[in-house]
Number of protein chains: 2
Amino acid sequence: MANIKLKEISTRAPKDWDKEETKEKTAAILAKLDELQNLLYAESKHSILVILQGMDASGKDGLVRKVFTSMNPQGVNVHSFKVPTSVELSHDFLWRIHAAVPAKGMIQLFNRSHYEDILVTRVHKMIDDKTAKKRMKAINDFEQLLQEHNDTHILKFYLHISPEEQQERLQERIHDVTKQWKYNERDFEEAKLWDDYMAAYEDCFEHCNDVPWTIVPADQNWYKEHIIASALLKTLEKLDMKFPGLKKG
Amino acid sequence: MANIKLKEISTRAPKDWDKEETKEKTAAILAKLDELQNLLYAESKHSILVILQGMDASGKDGLVRKVFTSMNPQGVNVHSFKVPTSVELSHDFLWRIHAAVPAKGMIQLFNRSHYEDILVTRVHKMIDDKTAKKRMKAINDFEQLLQEHNDTHILKFYLHISPEEQQERLQERIHDVTKQWKYNERDFEEAKLWDDYMAAYEDCFEHCNDVPWTIVPADQNWYKEHIIASALLKTLEKLDMKFPGLKKG
C-alpha cells in the first residue's frame, strides 16, 4: 500500500449501506462464526491471529465485545498489549508478542500489538527512523514465520476514525458514568499528535503490508463490526475444514 | 463435607424442574452475566476463579461453551490443564496453576485444575496418601492466598454424572462425526477406574472444602448450565460493584 493518505479515506460507511439491514447480516455472520470456530478448534490444523490497531477511542474494545463474544472463549483468547513492563523491555520487542501467538486450533486477538513499537515509540521519538525500518523488517519476517511454520492466518485491521469523532468519544468518557473508567487525561495530549500518528501509520501500511492491512471505516460501530466479522468469516470459510475422524489410540 | 457418598447423590435434576422454563431462566441469567462481567472489568477490584472438575465426558467443555460464551472474551480466560509438561513437572504442582490465576477485573475458568494433582495422580498411585494429604493442605493454603490477597472469589464445581451416562457419551464420540475428535481410546480404560476416582473425589471434597465445592447433577445439560450460571450470577451480584468515577490523571 504505497502512498496511502489516511485523510483521503472516508471514516464512514458508503452512503447506500442500510444500517438495520447490515446489523441483521452481521448477526447471521456471528452465528456462523461460532460454528466455524468450533470446527477450527476440533480440527486443530490452523490458527487465526487478528491484529487490531487504532487511535484512542477508535472502538477496539467495543469491537472485541461485539464480534468476539459470539465464540467459545475456550478457543478464543484476547491479549491487550499495554506499555511494556521492565522485564519485557529487557528483551527484544517481539519477545512478549511471540509468547502470545495462537496455538493450532485457536483464535487469538491482539488489542494493540507489535505495531505500537513503530507507532507510539516513533511519534514520541523513542526510536529513530533507522530503528523503525529495522523493526519493520523484523515484523515482516516474524509474521512470515507464523504463517509458514504454524499455519497461522493473520488479519490486520486499522480502525479508521476521524479526529472529530475521537474528540466526541473522549468527551463522552468524561460524562457517561459507564465510560468514565476508560477516561485518561493523557488521551487528550496524545490526540494533539494526530498528524504524527497518521504519518507513522501510513509508513507502517506502506512497509508492513506483506500480510495486508484492512483500513476499516470506524466512525459507525455497525459498519466496523460488519466489515471485521465478514473478513473473519471469509478467512474461516476458505480453510475448507472438516471434523477429523477418530484418532488412532 | 464429611462422609459424602457420591453414589447416593442424584445425577439428575429434581423431578419437578421444568426443562423449557429452566432454559428460559438461564438465558435471562446469561444476559445479566454479560452486564455484570463488564462491570467487574470496569471496576477492576475483584476477580473470579471458576474451577470445573468432573470425569471424562461429564460435559466440562460444553458447559464452557454454553455459559461462558455469553461474556466478553477480553475479560474472560479459559485455561485447560492437560498432562503436565516436563518443564511444569520440574516445579511444585501449584507453579503452573499460580501463573494462570485471574488478575483483578478478570473471570478465569479452569477446565480441570490443581485438583487433578490429587485425583488422577492418586488413582494411578503416582503419589501416596501422605503426599496427597500434604497437597490438600497446600491447596487450601493456596486458595486462601488468592481469596485474601487479591480478592479472588473462587467457585468450585464438580460435574456429577452417572457411570451409565458416561458410557453413553463416550460411545457417542465414536459414532458422531462432530464429536470424534474428542474420542480417546484410553478414556474407556480410565472409565474402569470409576470407583477409585469416586473415592479420590470424596476425599478431596472432605479435605479441600474451605472454599466449598458444589456438586452439580450433570446428566442433563440444561440443569447443569442453570446451576452454574445461577451460582456465578449470585457471586457477581453480591460484590455490590459500581462503575468507578473519573480516575485522577
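This report describes the fold, the strand order and selected side-chain contacts of a predicted model.

In this predicted model, local features require pLDDT of at least 70 and side-chain atom pairs count only at pLDDT 80 or more, whereas totals for chains, interfaces and linings use all residues. Residues are numbered from 1 along each chain as its sequence is written, chains are lettered from A and ligands numbered from 1 in the order in which they are written, and side-chain values use heavy atoms, with hydrogens and water left out.

**Overall fold**

Chain A contains ten helices and five strands; helices (H or I, at least four residues) and strands (E, at least two) are DSSP runs, numbered from the N terminus. The C-alpha trace of chain A spans about 60 × 45 × 35 Å along its principal axes. For 249 residues, a compact globule would have a radius of gyration near 18 Å, and the 19 Å of chain A agrees with this. That radius is taken over C-alpha atoms, and the globule rule is 2.2 Å times the number of residues to the power 0.38. Of the 249 residues of chain A, 54% count as buried, where buried means under 20% relative accessible area, exposed over 50% and partly exposed in between (1.4 Å probe, protein chains only).

An unreviewed UniProt entry lists residues 18-241 of chain A as "domain: Polyphosphate kinase-2-related". UniProt positions are given in the numbering used here, feature names are shortened, and annotations may be inferred rather than shown by experiment. The span 18-241 of chain A is 54% helix and 14% strand, and its end C-alpha atoms lie 32 Å apart.

**The sheet of chain B**

In chain B, five strands form an open sheet with parallel pairing, in the order 2-3-1-4-5. Strand 2 (76-80) and strand 5 (213-217) of chain B each have a single partner strand and stand at the edges, so one side of each is left without a neighbour in the sheet. From one strand to the next, the twist averages 20 degrees; axes are lines fitted to C-alpha atoms, for helices over the stretch in contact, and angles run from 0 to 180 degrees between N-to-C directions. Strand 2 of chain B runs parallel to strand 3 (residues 107-111) of chain B, and five bridges join them; two strands pair if DSSP finds at least two bridges between them. Ser80(B) has Asn111(B) as its bridge partner in strand 3 of chain B.

**Aromatic and charged contacts**

Over all chains, 20 aromatic pairs are found. Rings of Phe, Tyr and Trp (its six-membered ring) pair if their centres lie within 6.5 Å; planes under 30 degrees apart count as stacked, over 60 as edge-to-face and the rest as tilted. Tyr115(A), Tyr158(A), Tyr201(A), Phe205(A) and Trp213(A) are linked by ring pairs into a cluster.

A charge sits over a ring if NZ of Lys or CZ of Arg is within 6 Å of the ring centre and within 35 degrees of the ring normal. The table gives the examples.

| Charged residue | Ring | Distance to ring centre |
|---|---|---|
| Arg135(A) | Phe93(A) | 4.9 Å |
| Arg135(B) | Phe93(B) | 4.9 Å |

**Individual residues**

Ala229(A) belongs to helix 10 (residues 221-238) of chain A and is buried, at 0% relative accessibility. Ala229(A) and Lys66(A) are 163 residues apart in sequence, yet 9.5 Å apart in space, C-alpha to C-alpha.

Most residues other than glycine have a negative phi. Asp151(A), although not a glycine, has a positive phi of about 50 degrees. Asp151(A) lies in the loop between helix 6 (129-150) and strand 4 (152-160) of chain A and is partly exposed, with a relative accessible area of 28%.
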